Amino acid sequence: MKPLPNHTCPLCGQPNGCAPAQAGDFAAECWCTRVVISQEALDRVPEPLRGKACLCPRCAGGAPPAAPAG
């Protein structure tokens, strides 16, 4: 099994920095293995993307979604 090539955060749309998605291999060590991911953030991930797209570090920490530019 290979990681899905999802490179954007499902909450904010910014790059998620997912090393396995970038490498195409779960053996690549990722930043997310060294942090605690906020349950609040996980709960905000849309159901169709749960388990299919990684959060970015900012959203994983529980930061509120960024306001749209404009």
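**Figure 1. The largest nonpolar core of the predicted model contains 10 residues.** The members of this core are Cys9, Ala19, Cys30, Trp31, Ala41, Val45, Leu55, Cys56, Cys59 and Ala60. A nonpolar core is a set of buried Ala, Val, Leu, Ile, Met, Phe, Trp, Tyr and Cys residues joined through side-chain atoms within 4.5 Å. Buried denotes under 20% relative accessible area, exposed over 50%, and partly exposed the range in between (1.4 Å probe, protein chains only). Buried residues account for 26% of the 70 residues in the protein chain. The model is predicted: local features need pLDDT of at least 70 and side-chain atom pairs count only at pLDDT 80 or more, whereas totals for chains, interfaces and linings use all residues. Residues are numbered from 1 along each chain as its sequence is written, and side-chain values use heavy atoms, with hydrogens and water left out.

Figure 2. When neighbours within four places in sequence are set aside, Cys59 is in contact (heavy atoms within 4.5 Å) with Cys9, Leu11, Cys12 and Ala41. Of the contacts in the protein chain between residues at least 6 apart in sequence, 43% join residues at least 24 apart.

Figure 3. The chain has three helices and zero strands, assigned as DSSP runs (helices H or I, at least four residues; strands E, at least two) and numbered from the N terminus. The C-alpha atoms fill a box of roughly 35 × 25 × 20 Å, taken along the principal axes.
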